[in-house]
Amino acid sequence: MSDVLPAPARFGDYLELTKPRLSLLSVLTALVGYLAARPPAQPQKLAFLVLGTSLAAGGVAALNQWLEHETDAQMKRTADRPIPTGKVATGSAFVLGWLMCIASLFLLFAKVDALAALFTLLTIVAYLGWYTPAKKWSVWSTEIGAIAGAFPPLIGWTAGEGRVSALGWILFGVLYFWQIPHFMAVAWTYRRDYAAVHFPMLPVRDEAGGRVAGWSLVNAVALVIVSLLPVALGLATKAYGLAAAVGGGWFLWRAIVFLKPAGRDLAARKLFFGSIIYLPLVLGALVADRLLAP
């Protein structure tokens with residue numbers, strides 16, 4: 001028996017546990033909701049919103065990895081995460097995750113808005129209590145996860161306005177429909193990893209990929225329609241509408257190319273990277289339009 005103790009976790013290991021890039025997306029989309037609501041200048045509230053959503057996103061990521069560390073260890077794309085590699089103990093991840101989630105709820109409730117704290121709680125519950133276990137038993141796990149992933153704009157919107165009006169729900173819809181082709185592209189690329197741990201998601205069950213690509217296209221069409229609603233409802237100008245139409249048309253093209261059996265793996269990667277480019281461009285155009293329009 002070896003007497004050598006494992007090296008203590010470094011700050012970088014704990015930071016990796018919070019999935020900073022994915023967490024940043026939640027923070028930025030919450031900011032989009034806040035700015036699109038056009039609240040009066042309140043720097044302190046804005047700072048607490050950023051801090052609270054950052055803590056919630058990081059805490060959820062840590063708890064997700066705690067829940068899934070056994071399956072993570074069996075997949076190539078996740079085997080090098082902090083828990084499977086032994087860099088962070090499971091108990092440490094559990095404690096850190098819950099402390100961050102509780103701190104986020106307290107800050108948002110006390111310093112930002114009660115409804116924003118409620119939507120944050122719904123995000124935590126939906127992601128950890130519904131989406132994470134659904135990955136093991138439901139072909140609809142991606143759609144369930146998209147619900148949790150679409151809440152951050154509502155957190156920001158309620159922080160700015162104190163309620164959810166039409167544009168807030170439109171932002172929820174944009175995030176929801178964007179996530180389906182985005183994650184279908186990811187899941188198709190790593191379908192063998194997911195099959196190895198028996199996750200029954202659509203890209204695992206649909207070996208040919210036709211239904212995966214078709215479902216991605218359906219949601220891409222829905223995304224374009226929802227993204228144009230602000231113009232139809234008089235909530236944004238035609239300048240934003242042009243940006244949304246051009247970006248949406250390009251995104252639709254990437255989803256259409258994904259339909260072709262030949263070169264589907266490459267098309268999936270291009271759809272994934274296209275989704276990463278599309279979202280900040282369209283959301284940024286909406287925020288700019290809302291802040292600059294008279």
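This report looks at a helix pair and some aromatic rings in a predicted model.

Local features need pLDDT of at least 70 and side-chain atom pairs count only at pLDDT 80 or more, while totals for chains, interfaces and linings use all residues. Residues are numbered from 1 along each chain as its sequence is written, and side-chain values use heavy atoms, without hydrogens and water.

Let's start with Val-112, which is found in helix 5 (residues 90-112); helices are DSSP runs (H or I, at least four residues), numbered from the N terminus. Val-112 is buried, at a relative accessible area of 8%, where buried means under 20% (1.4 Å probe, protein chains only). Leaving aside residues up to four places away in sequence, Val-112 touches Lys-45, Phe-48, Leu-49, Leu-107 and Ala-159; contact means heavy atoms within 4.5 Å.

Now for the rings. The whole structure holds 11 aromatic pairs. Rings of Phe, Tyr and Trp (its six-membered ring) pair if their centres lie within 6.5 Å, with planes under 30 degrees apart counted as stacked, over 60 as edge-to-face and the rest as tilted. Two pairs are set out here.

| Pair | Centres | Planes | Class |
|---|---|---|---|
| Tyr-127 and Tyr-131 | 5.0 Å | 65 degrees | edge-to-face |
| Phe-151 and Phe-172 | 5.7 Å | 50 degrees | tilted |

Phe-151 lies in the loop between helix 7 (141-149) and helix 8 (152-161), and Phe-172 in helix 9 (residues 166-189), 21 residues apart. Phe-151 is buried at 11% relative accessibility, and Phe-172 is buried at 17%. Together with Phe-119 and Trp-169, Phe-151 and Phe-172 form one aromatic cluster.

Notes
Helix = DSSP H or I, 4+ residues; strand = E, 2+ residues; numbered from the N terminus. Buried < 20%, exposed > 50% of the residue type's maximum accessible area, 1.4 Å probe, protein only.
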